[in-house]
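Subject: Structure handover

Hi,

Here is the structure I promised to pass on.

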Amino acid sequence: MAWGGLCRRRWLLAGLALLCFLLPLGAGRAAEFLLSQGVDFHGATLAVTAPEGDGTPRLLEGCMGEMEDIKQYCRFLAMEEDAALNALKAGG
């Protein structure tokens with residue numbers, strides 16, 4: 001019934017379609033503006049650890065560090081467990 005009413009009032013249907021297309025653009029830009037005020041994001045550092053003798057952390061550090069999309073937001077560091085825990089406690 002509601003759809004039939006919209007179809008009979010073409011200007012209302014056109015306005016609703018226009019609103020559906022323009023609202024996300026305006027809301028996205030407004031949200032970006034509001035959320036980026038005073039924020040300086042340098043990315044996250046992720047420490048990768050494994051049992052002694054395991055080469056997985058170095059492999060991940062190399063592979064993930066080469067990916068452009070990931071490199072923009074974070075970096076991976078292969079670390080021993082004790083060093084990683086100390087860095088976490090120190091805030092770095």
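Below is what turned up, going from the helices to the strands and then to the salt bridges.

A word on the ground rules: this is a predicted model, where local features need pLDDT of at least 70, side-chain atom pairs count only at pLDDT 80 or more, and totals for chains, interfaces and linings use all residues. Residues are numbered from 1 along each chain as its sequence is written, and side-chain values use heavy atoms, with hydrogens and water left out.

Start with helix H2, which covers residues 10–36. (Helices are DSSP runs of H or I with at least four residues, strands are E runs of at least two, and both are numbered from the N terminus.) H2 has 27 residues and reaches 39 Å from its first C-alpha to its last, close to the 39 Å expected at 1.5 Å a residue; that expected span is 1.5 Å times one less than the number of residues. Still, H2 has a kink of about 30° at Leu-22, shortly before Pro-24. The bend is the angle between axes fitted to the seven residues ending at a residue and the seven starting there.

Leu-22 turns up again in a nonpolar surface patch of about 450 Å², together with Leu-18, Phe-21 and Leu-25. Patch residues have over 30% relative accessible area and no salt bridge, with nonpolar side chains (Val, Leu, Ile, Met, Phe, Trp, Tyr) joined within 5 Å and like charges within 9 Å. Areas come from the Shrake-Rupley method with a 1.4 Å probe, and for residues only the protein chains shown count as cover.

On to the strands. E1 (residues 44–48) and E2 pair in the parallel sense over five bridges; pairing takes at least two DSSP bridges. Ala-47 stands opposite Leu-77 in E2. Leu-77 and Arg-75 make up the uncovered face of E2 (residues 74–78), while Cys-74, Phe-76 and Ala-78 form the covered one.

How many salt bridges does a search of the whole structure find? Two, counting a side-chain nitrogen of Lys or Arg within 4 Å of a carboxyl oxygen of Asp or Glu.

- Arg-58 and Glu-61 have their closest N and O atoms 3.2 Å apart. Both lie in helix H3 (residues 56–66), three residues apart, about one turn of the helix.
- Lys-71 and Glu-68 meet at 3.4 Å, N to O. Both belong to helix H4 (residues 68–71), again three residues apart.

Cheers

Key. Buried means under 20% relative accessible area, exposed over 50%, partly exposed in between (1.4 Å probe, protein chains only).
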